[in-house]
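Okay, thanks for coming, everyone. Let me put the model up on the screen and we'll walk through it together.

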Amino acid sequence: MDYSVVIGLEVHAELKTKSKIFCGCSTQFGSDQNTNVCPVCLGLPGVLPVVNKRVVEFAIRAGLALNCEILPFSKFDRKNYYYPDLPKNYQTSQYDLPICVNGYLDIEVNGETKRIGITRIHMEEDAGKLVHSGNITNSNYALVDYNRTGVPLIEIVSEPDIRSAEEAKAYLEALKSILEYIDVSDCKMQEGSLRCDANVSLRENEQAPFGTRTELKNLNSFRAVQKGLEYEIVRQAEVLDEGGKIIQETRSWDETKGITLSLRNKEQAHDYRYFPEPDLVPLQVSAEWVEEIRQSLPELPNARKQRLMEAYGLSSYDAGVITASQAMANYFDVVVGHGADAKAAANWLMGEVSKVLNASNISITEFAVTPENLASMLELMQKGTISSKIAKTVFEEMVASGKDPATIVKEKGLQQISNEGEIVAIVEAVLAANPQSVADFKAGKDRALGFLVGQIMKQTKGRANPELVNKLLKERIN
Amino acid sequence: MKITPKDVAHVALLSRLEIPEDQVEKVTGQLNAILEYAEMLNKVNTDGVEPTAHVIPLSNVMREDEVEVSLARELALANAPEQDNGYFKVPKIVEG
């Protein structure tokens, strides 16, 4: 039968501070194993952790960007569990007084806006990394690298407001975009700086009480979030259809096999025995500090999207694509600032430019074509100096050489031929050379016209103004 | 609240402590004695008293985001019962 799906996401984002949350060790990714560690993050006896002010600032920044209330009094707690990635046998986190509560994030799915509640955002330390020899279930030992232990994280917990795998993906994309805009996290899912766990349950209909949930881990890409949830929803539906019961447990998404596997029984693991962290004093966040941080926030993705729609008449979809990445939106602003037509600029960014970026797997900040040069190219097109077809050739050359478009057009002789006399001469020559095609066209074969246009373009190396060619050709042939 | 032998087994598991069968009753009694002693605190009227987050009346002790020198790896690993190629080596994690 059809069930109603309930999903809540827990997203961990590594904060891009220079040093760890409670000690001065570097947060550098990819350092040699166990070289960014000290007595504090190794949990040696007698040490005193001190919170990194930048971590608190970044957490507040995220809270404000996600419409949260910033609690004036907040504290750290110990979350106790035994696992070798945690040298202290507890994780320093926040329990009952997290720094941010009661926020929300608006997402767009199928053209409709939906508000997803954010329960809380809290600060905590990351755990170390286990390197397994062989497979997790059959290896006899594990190797541990504690470099990541103590790297600052914020955990963003959503309300169970998400109703499909697609909405979960949209939420995560919107969240990533905001965290990048406010510059608190690199959000590189492949490096683990943005990680997502999902709580999923099914119920008979929207009014029924929530069913038993499972927690899905290892959703390490947007694709994994969607595919993992889709799989788990079907799995739970099958269990329920057969009259079975869902067991509350943690399951891991196996990307290569495309299935979720039971990892451990959650009820047991959940006895974390939180208590206030005696080594850290509470935080009292002043209204002045919050206000100062609020003032420093940049224009956020949704506001920027609205601005592009209103100022330039872009569609909601186009404006959404452009503003999903702040770097792309900045690039767009410069292109348009140089006088380019906004719709043409948007089309080129989403089309040719994105194609090149994806093919070479680079970000737009590393792109060889400056926004000024792209604007000049669009201007050449608008003025009719080059046709849209030739523009692609010019663009390819710009990508390859980084040269400005005017130079390329000049060097390669790519100016569009818009001189009527010049085109008439070529049209007449082509008509004279292809009497059969002319006869075919007159006999009603429209395709013959395309052939003639092709011949003219061939002779002019694509430089003839296509509108003029069509007009003159039709005049002569009829 | 009375602690039962079942609670003792649960707490022992969470603490990774092995309590021999013949000691369970004794430990149960000891834990109950400790809790009974602490029960005394429940007699105090705490109406209108905020839960204590920390016994020291301080807040906002923070450090600037600056990188300091870490431990040399040999020192970090000096107390490790086992090590391998710069890693801490630990026993198998998931019970098979």
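So, how much area do chain B and chain A bury between them? About 3,900 Å², with 60% of it on carbon and sulfur atoms. By buried area I mean the accessible area, with a 1.4 Å probe, that two parts lose on being put together, summed over both. The contact, meaning heavy atoms within 4.5 Å, takes 33 residues from chain B and 55 residues from chain A. On the chain B side, Arg63(B), Asp65(B) and Tyr87(B) lose the most area to chain A, together 19% of what that side buries.

Quick housekeeping. This is a predicted model, where local features need pLDDT of at least 70 and side-chain atom pairs count only at pLDDT 80 or more, while totals for chains, interfaces and linings use all residues. Residues are numbered from 1 along each chain as its sequence is written, chains are lettered from A and ligands numbered from 1 in the order in which they are written, and side-chain values use heavy atoms, with hydrogens and water left out.

Four strands form an open sheet in the order 9(A)-10(A)-3(B)-2(B), with antiparallel pairing. Strands here are DSSP E runs of at least two residues, helices are H or I runs of at least four, and both are numbered from the N terminus; two strands pair if DSSP finds at least two bridges between them. Strand 9 (129-132) of chain A and strand 2 (83-84) of chain B stand at the edges with a single partner strand each, so one side of each has no neighbour in the sheet. Four bridges join strand 9 of chain A to strand 10 (residues 141-145) of chain A, and His132(A) stands opposite Ala142(A) in strand 10 of chain A.

Now chain A by itself. The domain assignment, which is automatic or from a database, gives domain 1 (4-292), domain 2 (299-412) and domain 3 (420-477). Between domain 1 and domain 2 of chain A about 710 Å² is buried, and carbon and sulfur atoms give 51% of that. In domain 1 of chain A, Glu108(A), Ser177(A) and Tyr181(A) lose the most area to domain 2 of chain A, together 70% of what that side buries.

On to helix 2 of chain A, residues 165-181. Is helix 2 mostly covered or mostly open? Mostly covered: 13 of its 17 residues are buried, where buried is under 20% relative accessible area, exposed over 50% and partly exposed in between, using a 1.4 Å probe and protein chains only.

Which residues touch the most other members of the largest nonpolar core? Of its 85 residues, they are Ile60(A), Met123(A), Ile154(A), Tyr171(A) and Leu179(A). Helix 2 of chain A gives the most to this core, with nine residues. A core here is a set of buried Ala, Val, Leu, Ile, Met, Phe, Trp, Tyr and Cys residues joined through side-chain atoms within 4.5 Å.

Take Ile60(A), which sits in helix 1 (residues 53-65) of chain A. Ile60(A) has a relative accessible area of 0%, and its contacts include Ile70(A), Val285(A) and Trp289(A). Ile60(A) and Met123(A) are 63 residues apart in sequence and 9.9 Å apart in space, C-alpha to C-alpha.

Methods. The expected span of a helix is 1.5 Å times one less than its number of residues. Lists of a residue's contacts leave out its neighbours within four places in sequence.
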